[in-house]
Amino acid sequence: MANERQFCTFTLGDGFFGVEVEKVQEVLRYQDMTFVPLAPAEVTGLINLRGQIVTALELRRRLDLPERDEGVRPMNIVIRTDDGALSLLVDQIGDVLLVDPETFEEPPETLEAKVRELVTGVCKLEDRLLLLLDVDKAVEVGAPAEEARESAYAG
Amino acid sequence: MDEEMREVIEEFLVESHENLDQLDQDFVALERDPDDRDVLASVFRTIHTIKGTSGFLGFTKLEALTHVGESLLSRLRDGDLRLTAESTTALLAMVDAVRAMLASIEAEGHDGEFQYDAIIDLLTDLNAAEAVERALEPEPEPEPEPEPETPMLGEVLVESGQVTEEEVAEAVSEQAEGDPRHVGEILVEKGTVEPAQVLEALHAQAEKAGPGVADSSIRVDVGLLDKLMNLVGELVLSRNQVLQYATNLNDAAFVANSQRLNLITTELQEGVMKTRMQPIGNVWNKLPRVVRDLAQACGKHVALEMEGRDTELDKTVLEAIKDPLTHLVRNSVDHGIEAPEDRAEAGKPEEGRLLLRAYHESGLVNIEIIDDGAGIDVDKVRAKAIERGIINNDQAARMGDREVMNLIFQPGFSTAAKVTNVSGRGVGMDVVKTNIEKIGGTVDVQSRVGEGTTLKIKIPLTLAIIPALIVGHGEARYAIPQVSLLELVRLESEQAKKSIERIQGAPVYRLRGKLLPLVYLREALGEHAEDAQSHNDAVSIVVLQADEQQFGLVVERVDDTAEIVVKPLGKQLKGIPVFAGATIMGDGHVALILDVMGVAQRSKILSELHDKGLGAGEADAAARRKDGQTMLLVDAAGGRRIAVPLGAVARLEQFETSKLEWAGSQQVVQYTGELLPILSVASLLGFGAPESSDPIEVVVVWQGDRQVGLHVAEILDIVEDVELGRGTSTNPGIVGSVVIQDKVTDVLDMRAVVAAVDPSLLTDSRFEEARV
C-alpha cells in the first residue's frame, strides 16, 4: 500500500474533512485571539503562537456553513503556507487516517458551491465520507470586499 | 567543482566585488587629479590581483581582459601615459565587463560566453599610443603593502613627558654608532628613566600599533545577523513579559533579577543593532560613478560632494533607500543642474554642484540631496497640477508654495505627462516617495528658481524594533509608532464635550489657535462612532503627523509606551490600509500596529490631495495601497494595450520622424549624446507597425546602464498594483496577461526588448563615442 497517504481529519458541523498531514504544523486547543477590525469576515483574529503571529481563519465562514453555536470553542489546525503559518478554526479534531488516493472521487455536483470549490475529492470510508480540503485555496482570503469597506466607512 | 574550490571562488568573488566598488570611486577621483600615483597604484593592484587570481582559477577570459587593463594601468602608474577621459571611460567599461564576468562566474561557474574583444582592442589601442620607447612591457610586480605606522618607543616616552627629545636623540645616535642595545635599555642605563616607565611605554606603544584590521574584524553572513536580530526581538518580547510578571508578583529577589535581565537585554539589543549598522557611504560609493556617467551623457559638468558618509544606518534600511537615492541623484543631474552654457548665462560657475549630506537628528537619519541647478518653478508646478487634475483651482489657491512643491511626488504628476520640460522632474518621483514611506520615512522638497533644489529624506535608524505608544478602547489595544507622534492632549469629560467642535459634521479641535482635524480611532477602524461619543469619559487626542498634514487621533485610553517588535501581517490582512503590522505585548497578547498614513488616508485627512487627483475616488486609492507592480499602459498599435513595468521606464519622449536614423539594421535617435535604439513594440510582438505619426511617441526604458526607446502609438495611463501571474503567455515578448481597467492587457517582457536590440549597438555605442 505504498500509495497510501496520511490525512489529518476534523469535523465542521456534519461534515468530515481531511487535510494532508504534511501541511499541518500542529493542532492546538482554543487560543486567545486579537480581533482585527476591517478584516475579511473569515479572519477571526490573530494568535500568538510562541512569539509568531498567526492569522486564524474561521473555516465555517470560509465554507459558507452556519456559525458555530455560541460558547462552543473551536480548535486550531495550524497549517504551513508559503506565507508563514496560518490557523484554521474547526469544530473537532479527528484521527490521522491512512487513505489510498486511488479511492478518491470527484466531489458531487450537489455540494454547496463554496464547499465544492474548496474540496478536491471525496473518499469513501467504511462508515462515512471524507472530504479532502484544498488547503492552498482555503487560505486564499482576499482583501475585504469594497462594499463592506465603504459601509464601514460611512458608519 | 569540489567544495574547496567553490570556497576559494566565493572568497575571490566577495573580495573582487569590494575592490571593484572602490575602483569606481578611484577612477572618478582620478579624473579630477589624473596624476595621483597613489590612487593609480591602488587601482593597478586591484586589477592585478583579479588578473592573478582569475588566471589561477582558470577564468581565461577574465584574465585576458584584466591583463590588457593592467598593462595600461601600469603605464599610467609609471607616468608613461596620462589618464584622459577617454582612457577612464575605457577602464570603467573594463570594470563593468569584469563585473559582468564575475556575475556570470557566480551564477554559472564560468566567465560567460560573451566576447569582450571591443574593450580589449580599445585598451590595447590606448596602450599602444606613444608606446615607442617601451615596446615590451615587463610584467609589473605588485607593490608591497605599506607597514602600519607604529610610533617609536622614544616618541612614546617623549610624549608622556618622561624624557626630552634630546635625550632620545642621543640614545638613538649611540644606537646608530653601533650600540646593539635598544633605545629603552640605553636610557635606563643612563638613569634617564626607570625600567617600569619603559615597560609602560612599551605597552602604550603596542596599544597604539593596535591589532591589524585583519585581526580585529571578521566577515559575518548577513543571514546570521538577521537571525540574531530576530532572536533579540524575541528576547525583548520575553523580557517585557517577565517584567510585567515581576511587577505583579511582588517578589523582591525576582524583581531584582528581572531588572538585571532587563539591562542585559537592552545592551544586547543595542549591540546586535550596532553589528547591523553600516555607514551610508557604502551606498554613496556607487553614486560618483552614476553622476559621472550621467553628467557625461548629458554634456554637463557636475561636482559631487559628500558630507557625513560615516552616518550609520541599519542594513535593511540602507538597502531600501539605495534605489530611491540613486533615482533622486540621477534626477538632480538630469533635470536639476543645467547645461554649462545655461549656467554661464545665469552667471553661475559652469560646473554644477551636487551635495549629499547625511546626519543623525532625534533618532532619525536625515539625508539631503542639494543641487545648485535651475530649481523648480512653483507656478509651473501649480499650473501643471491643475492641468493634470491633481488639484483644482480652489485647492491651488489655498495651498502654500511648499505644499505645491511637494505635488511633484504625486502619482501622475510627471509620469503620464508627455515629457515635458515644464517642471523637468522625470518619471517616478511618486515611486521614490512610496518606497521611502514604506520604511517609515518621509521626503520633502524645497526649491528656489535659479538657485537650486534640496530634497530632504528622513528615515528611521532601524525597522526591527521601534518605540511605540499603546492606545486603545475596551479590550482592544493598538500601537502607534512614535516617529509620527507629535504630542498628546488629554481632555476630561466636560472639556471633551465642549472643545471638540464640528464643522459640517467633521470634528476639529483648537490646538493653540489652529484647527486640528480629528479622527476617532473607533471610526477609523470601522466601528460605530456613536459608541465613542455616547459616553462622557475623558478622551485623549494623539496628535500625529502624516505627510504634510497634522491630525488628531481621538482615543479613549492611552496605556503606555513600549519597545515593540514589528511583525508582518499575513496576506489575508495585507489589504487593510490602517495597519502596518502586529506585535506581541508584554502579556503575550497580539496588538495591531496602526499605519498613520493609512489612517489618515482612510479618514480622508489626506484624501483630498491624494485621491481626488486620480479622479476615481476610493476604489483607486484602495487599489493603490495593495502590493503589486505599477505599470505604464500604452497602446502599441491599433488599440492593442500593452503594459510596461514603470520601474523600467526612464522617460516619455516625442521624436520628430525626421530625427530617426538608421545604424546598421537598427533604427536609432540621437538622444542625450548617445544613440538610442528605437524598437516598435508592435513589430516586436509581431502584429504590424504603429500608424505613422509625427512626432512619434517613445517610452524610454532602462536596460542596465543603457536606454532603449519603445515606439508606441499612444501613452494611455499609469496603473498601480497590477498583480502578475495570471497565466504565462506563449507569445514571445509577453510575460503574461492581466486585466487592467476591465480590459485584458499584455505585459511586455523586458528581456525580449534586450534580445531584440542589436547587441553590438548596446555595448559598443559608448566606445564609438570614446574613440571620437
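Reader: In this predicted model, why does A:Asp64 count as exposed?

Author: A:Asp64 has 12 C-beta neighbours inside 10 Å, and a residue is called exposed if 12 or fewer other C-beta atoms lie within that distance, so A:Asp64 counts as exposed. The residue lies in the loop between helix H1 (59-62) and strand E6 (75-81) of chain A, and its phi is positive, about 60°, although it is not a glycine.

Reader: What makes A:Leu38 count as buried or exposed?

Author: For A:Leu38 there are 22 C-beta neighbours inside 10 Å, and since the label buried is given at 20 or more, A:Leu38 counts as buried. A:Leu38 also has a positive phi, about 70°, without being a glycine, and is found in the loop between strand E3 (24-28) and strand E4 (43-49) of chain A. Most residues other than glycine have a negative phi.

Reader: Which strands of the five-stranded open sheet in chain B are called edge strands, and what makes them so?

Author: The order is E2-E4-E5-E7-E6 (chain B), with mixed pairing, and the edge strands are E2 (302-307) and E6 (442-448) of chain B, each of which pairs on one side only.

Reader: How do you know that E2(B) and E4(B) pair?

Author: Pairing requires at least two bridges, and E2(B) and strand E4 (residues 352-361) of chain B have six, in the parallel sense, so the two strands count as paired. Within E4(B), B:Arg357 is the residue opposite B:Glu307.

Technical notes
Residues numbered from 1 in each chain as written. Chains lettered and ligands numbered in written order. Predicted model: local features only at pLDDT ≥ 70, side-chain atom pairs only at ≥ 80, totals over all residues. Helix = DSSP H or I, 4+ residues; strand = E, 2+ residues; numbered from the N terminus.
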